[in-house]
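Hi there,

Here is the structure I promised to pass on to you. Please have a look at it before reading my notes.

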Amino acid sequence: MSGLPDEMLDCLIVGGGPAGLTAAIYLSRFHRRVAVVDKGEGRLAMIPRTMNHAGYPGGVRGCDLLAAMRAQAVEFGAALLDGEVAGLSGTEDAFEAETDLGPIRARTVLLATGVVNLRPPLDAETHAAAVAAGKLRYCPICDAFEQTGKRIGILGADSHGVAEALFLRSYSDDLVMLTLQQAELDAGDRANIGRAGIEVVRTPVSGFDFEGEGVRVLLADGESVAADTLYAALGSETRNQLGEMLGTRLDGSACFWTDERMRTSVKGVYAAGDAIEGLDQISMAMGTAAQAAVTIHNDLRDRDGATDEGQAAGDAAWEEAPD
Ligand SMILES: Cc1cc2nc3c(=O)[nH]c(=O)nc-3n(C[C@H](O)[C@H](O)[C@H](O)COP(=O)(O)OP(=O)(O)OC[C@H]3O[C@@H](n4cnc5c(N)ncnc54)[C@H](O)[C@@H]3O)c2cc1C
């Protein structure tokens with residue numbers, strides 16, 4: 001892609017998923033010097049075909065949406081760099097990123113680093129093939145509609161798994177909860193699961209077979225359970241290390257705390273997409289990134305003396321950041 005910028009950028013965007021690329025499109029259309037560094041491990045790229053993203057009857061493949069957004073960002077002058085940001089230092093107006101491509105300097109930083117789904121124990125190739133075939137899934141809000149009436153497995157027999165199973169109950173009455181480790185549900189969860197008529201298999205899972213129709217989940221006692229598809233309800237981890245280096249505060253879910261305009265608790269640092277608390281959806285990634293881009297542009301204008309109104313608003317937001 002474009003070469004390493006040697007000038008001071010207006011904004012360095014870490015992460016080139018729908019959040020980072022939306023911000024890049026907006027900021028370059030504000031005539032801002034902007035670069036996106038992306039290491040190519042995003043969740044959008046994993047989606048075989050999203051059916052709930054507005055504006056695409058018949059759906060759109062995650063990689064096609066990503067390619068279209070990348071082309072649009074480049075069209076307006078954003079630099080897209082394939083690489084990894086390993087470190088961030090500095091303060092407002094003078095941040096420096098350590099990347100495998102070399103150092104990058106920027107007046108502001110947008111953290112659009114997403115989250116990582118915790119995966120079942122599978123090698124990368126098997127995992128990718130199972131997701132691509134729709135036999136292994138991560139997001140009932142996104143794609144349970146297509147599973148209506150099917151036999152659905154839910155991997156993760158804890159309160160997170162219970163919540164996901166109860167959500168899926170409105171799509172199918174043939175649900176089975178499975179567990180990687182022996183786990184005890186509390187009385188409330190047991191009552192809810194019982195009322196919903198959801199089967200719970202207590203024997204731990206020992207393996208997965210994605211060959212043939214659907215999925216066969218192998219159990220430690222030698223038995224197996226068949227399902228049309230399997231939802232992994234194992235939770236996710238935020239990629240918040242870069243923010244920690246700058247001292248950004250996190251919220252209760254270990255996501256970046258932001259004010260309603262996507263400012264983190266550190267001046268000059270912003271966050272958007274799955275990396276902040278909220279519904280982890282493409283539309284939310286785009287929406288929060290659009291807001292972040294407008295805030296970044298306006299905060300820079302204020303800093304450059306174009307207006308003093310927004311700066312006052314920004315300062316108030318930083319003061320209200322939780323401890
Ligand atoms: C299987 C699956 C199906 C889904 N289906 C749907 C759906 O149908 N509809 C829907 O709305 N949502 C769906 N989602 C959720 C959707 O993919 C996410 O909400 C969305 O991609 C979040 O965008 P993001 O930009 O915040 O993060 P991501 O798309 O995850 O992008 C983050 C990027 O940051 C990069 N990055 C992180 N750290 C660094 C670093 N230090 N240096 C450089 N780069 C870095 C990552 O490599 C990645 O490319 C699905 C998710 C999965 C996993």
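Below are my notes on the domains, the ligand and one of the sheets.

This is a predicted model, in which local features need pLDDT of at least 70 and side-chain atom pairs count only at pLDDT 80 or more, while totals for chains, interfaces and linings use all residues. Numbering starts from 1 along each chain as its sequence is written.

The protein chain splits into domain 1 (9–116 + 236–319) and domain 2 (119–232), with bounds from an automatic or database domain assignment. Their centres, taken over C-alpha atoms, are 33 Å apart. Six residues of domain 1 are in contact with eight of domain 2 (C-beta atoms, placed from the backbone, within 7 Å).

Around the ligand there are 41 residues, and Gly 15, Gly 17, Gly 42, Gly 114 and Gly 273 are the closest (a residue is near if its C-beta atom, placed from the backbone, lies within 6 Å).

Finally, three strands make an open antiparallel sheet in the order 12-13-14, where pairing requires at least two DSSP bridges. Strand 12 (205–209) and strand 14 (224–227) are its edges. Four bridges link strand 12 to strand 13 (residues 215–219), and Val 205 sits opposite Leu 219 in strand 13.

Best wishes

Notes
Helix = DSSP H or I, 4+ residues; strand = E, 2+ residues; numbered from the N terminus. Contact = placed C-beta atoms within 7 Å.
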